[in-house]
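Please keep the sequence and the structure in view while reading.

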Amino acid sequence: MTFERFTVKARKAVVTAQEEARLLKHPHIGTEHLLLGLLDAPDSTAAKVLRQLGYDKETARADVAALVEPGTAELSGHIPFAQSAKKTLDLALREAQQLHHSRIGTEHILLALVGEGESVGARVLAERIDPLGKVRAAVMASVEGAQDGAAGPWPAGTPATEDAVSAAGALAGDAPVGSHHLLEAMLRAENSMAARVLRELGVDPDAVAAKIDELDPETTTDANPEEAAARKMEIRLVGDEVHLVLRDPATVALAERVTELSGGPIQGVGPVAGMFVPLWRSTRQLLVHVRRVLEPEHEGEDGPAADKVAKLVRTVLAPRLRR
């Protein structure tokens, strides 16, 4: 299975589906993980449609947990697709073709998922959305004249362009894609014209990476407050404790006020525990992602094409994480 025709958001949903399977310790990526992956990108067509129908990721997590038991063994390396998920991704291509769309977006994956009414993902949705046909109707209403990822600044491009844009999105994570993400993704894009030109001009990717890390984006038009705060964060292991350190002034000031009001540290005990769950989950997801970047690469059964963007991202991030 290759992903060249998938939009950036659709590829990201599939990658997130693998991480969701890993978090649940499931040995295969199923349709329930695809559903969670679709909901992870709030600005994708699929997530918008499901939100309109009153369905969000936290609800999906609870519904999946109620229907599917978590595994028991920690997983590393590539996780294969279950047959149901493979079928759903194959059907997504057919959905795109029927709509005369050149790219496979999150909306096509969602249409394929609900079309497979007996899959776990479809059953999870059917528990909340009755009849399930409402999903198809909402998707069709939302894609008239537009396709997920097709409208906006990125027209259809060559495979090298799509890989570079997808890699830039992966490098940016949940932050907006900046020009520095695009620059580094272009430099590392295997066999692309842009990378060849820059190499022949003597541009060294590692030197560019070092300069990107050295410069402060706050002085440029790529500045955004969330990434600025994230650049001041750190996860540190102290004995048998994991310390999450936040240093941006706004958060420090807020923590000072909360500590003053509460009279001391706030702990995840009793009813307060539920308020800590999203933070615990996000931290764990980050650590799982970092581990994947740093671990030796495993070639998946879907072949090198499916892992091209993951390889590029690993090449870019691993040296920084080992500093």
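## Backbone exceptions

Lys25 is partly exposed, its relative accessible area being 25% (buried means under 20% relative accessible area, exposed over 50%, and partly exposed in between, with a 1.4 Å probe and protein chains only). Lys25 lies in the loop between helix 1 (8–23) and helix 2 (31–40), and it has a positive phi of about 60° although it is not a glycine. His100, likewise not a glycine, also has a positive phi of about 60°; it is found in the loop between helix 5 (83–98) and helix 6 (106–115) and counts as exposed at 73% relative accessibility.

Most residues other than glycine have a negative phi, and most peptide bonds are trans. A cis peptide bond, with omega about 0°, joins Asp130 and Pro131, and Pro131 is found in the loop between helix 7 (120–126) and helix 8 (133–143).

## Basis of the model

This is a predicted model, in which local features need pLDDT of at least 70 and side-chain atom pairs count only at pLDDT 80 or more, while totals for chains, interfaces and linings use all residues. Residues are numbered from 1 along each chain as its sequence is written, and side-chain values use heavy atoms, with hydrogens and water left out.

## Overall form

The secondary structure comes to 16 helices and 2 strands, where helices (H or I, at least four residues) and strands (E, at least two) are DSSP runs numbered from the N terminus. Of the 323 residues, 40% count as buried.

## The second largest pocket

The second largest pocket is lined by 23 residues, of which Leu244, Leu246, Ile266, Phe276 and Leu279 lie nearest its centre. A pocket here is an open set of points on a 1 Å grid over the protein atoms alone, where a 1.4 Å probe fits, with protein on both sides within 12 Å along at least five of seven lines, and lining residues have an atom within 4 Å of a point.

Strand 2 (241–245), helix 14 (249–262) and helix 15 (273–294) each supply at least two residues of this lining, and helix 15 gives the most, with 7 residues.
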